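Open your viewer and keep the selection panel handy. We will go stop by stop, with a note on what to look for at each one.

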Amino acid sequence: MLSAANIAQILMSGLLMGLIYALIAAGLSLIFGLMDVVNFAHGEFLMTAMYATFGLVVMLSLDPLILSPIVAAIMFVVGAFCYRAIIVHAMRARTNVGMVQVFATFGLAIVIRGLAQFAFTPDYRSIPKSWLGGQTFSVLGVYMPAPQLAGALASLIAFGALWLLMKKTDFGKALEATREDAGAVGLVGIDRNRVFAMGWGLGAALVGLAGAILSIFYYIHPDVGGPFALIAYVTVALGGFGSVFGALAAGVIVGIVEAVSATVLQPSMKAIGIYAVYLLVVFLRPRGLFGNL
Amino acid sequence: MLEVKSLTTTYEGLVAISDVSLSVAAREIVAVVGANGAGKSTLLKTLAGMERPASGRILFEGEDIAGSPTHRVNMLGIALVPEGRRLFPRLSVRDNLRLGSYLHRRKSDREAPLDTVFKLFPRLAERLDQRAETLSGGEQQMLAIGRALMTRPRLLMLDEPSQGIMPKLVDEILDSVRTIREAGTTVLIVEQRLAETLEIADRAYVLQTGRVVMSGPAKEIAGNEDVRRAYLGI
């Protein structure tokens, strides 16, 4: 039977991982809410950020934790560039814009993955030494691996910053206005393509932050993004498409469901619980927990 | 101020406006009238950069702006209050207005037009924290005009400001157009309400199936029996 201590441990593990899932999903949700585009290259953005962290660690001999804001900044540029170079053209399609967008981001995913395999080979890599790697804190008998704890805190800080940006700044208002009616922001002099590019930059920066911290305790390889992206899609659907803060709650739910499934079933079947919850939501509340579509 | 030369816009293969030429001088109120489907909205959308013209020129203070994107047209000094208002429904009245002055970097530039808007439409000042979607039709129209004024335009274009509004408020809104002009802003207005619009306008153009069929001083157009019967269906 499960003791109280066991339950506390499961909830804590789920919470920490869930906050990291939320951070990964936030960018996906942001971009979707802004322009109704699902970024199928989101997992590849994560993978890119992990390789970027790895490369910077090797080159600069700095800790991944220190490098994480730099990786986020690099990913901001990558995201904004992807919008300007690819997505903006996909959105100009004369027919079937939705499908063109799907294939544009899906194609982008394949290209990034192919480039990673070409440049870095499919070998698994890991960052051998870091401040947090392998460290564990313990509070009242509940163990918290240091990298996961750092990821969870980074996630909370990022959501806090995002909230401030969206509620308290003029740019945040422009972002919200663009979410509401992208065709009308030009009437007040706002260039929607600039807002969209910023949205892609922010979305990629959020997943970049997650990638930098994941690289402390995860193997880095060209296909590493796939499973995380799948969880991110579930998280976004669960939280409600386009609801960035819904993704925060949904990420935590997904993390806890995963941790519970791993214990109640077996660790290899931990994903089953996530998809079961997802199916349940799709049947009972298709717009997601906090969606307003 | 505005000089439109042989403007043609097609919409999904159909010609919406054809060979339209018109001019607006500084501090004028110019009306474009015509029946439903005559191409009035397409004309304003093309001028504002929301539709791309197939051919023709749009000279605003000497610069050809045909085909420029909406935000650039706005920055040059043309604001459109569009058909259906296109407010940001879930944002507050305050935020809708603030977005209008988003691009003015200096604080004084951002606050000054707000006073003008409140003087024009005092009831907006009472509803600053309400979401735009909770306003009545007339108030939404006031907010749409207010938002446009916040961009400090030299030319204000209004697309059917009377649409979906109670008659009492229509007068209030048309009166505000006069006040706006007195404050120095040029106005190009598109309307279906013939009599009220021609009353406030200096000159008018009559649009029929995408073409200008008549133009002249608003009083002459208003008094012309042929116009009333043939082109406006009243």
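**Stop one: a helix to start on**

Select helix α2 (residues 42–60) of chain A: at 1.5 Å a residue, its 19 residues should span 27 Å, and its end C-alpha atoms are 27 Å apart, so the two agree. The expected span is 1.5 Å times one less than the number of residues; helices are DSSP runs (H or I, at least four residues), numbered from the N terminus. This is a predicted model, where local features need pLDDT of at least 70, side-chain atom pairs count only at pLDDT 80 or more, and totals for chains, interfaces and linings use all residues. Residues are numbered from 1 along each chain as its sequence is written, while chains are lettered from A and ligands numbered from 1 in the order in which they are written.

Just after α2(A), click Ser61(A), which has a positive phi of about 55°.

**Stop two: a helix pair**

Select α5 (residues 146–168) and α6 (residues 170–180) of chain A; their axes come within 5 Å and cross at roughly 80°. They are therefore roughly perpendicular (65 to 115 degrees). On α5(A), Leu165(A), Met166(A), Lys167(A) and Lys168(A) make the contact (C-beta atoms, placed from the backbone, within 7 Å); α6(A) contributes Phe171(A), Gly172(A), Leu175(A) and Glu176(A).

**Stop three: between the chains**

Finally, select the contact between chains A and B, with 14 residues from chain A and 21 residues from chain B. The model scores ipTM 0.90 and pTM 0.92.

Terms used. Two residues are in contact if their C-beta atoms, placed from the backbone, lie within 7 Å. Axes are lines fitted to C-alpha atoms, for helices over the stretch in contact, and angles run from 0 to 180 degrees between N-to-C directions. Helices (H or I, at least four residues) and strands (E, at least two) are DSSP runs, numbered from the N terminus. Angles under 35 degrees count as roughly parallel, over 145 as roughly antiparallel, 65 to 115 as roughly perpendicular and the rest as oblique.
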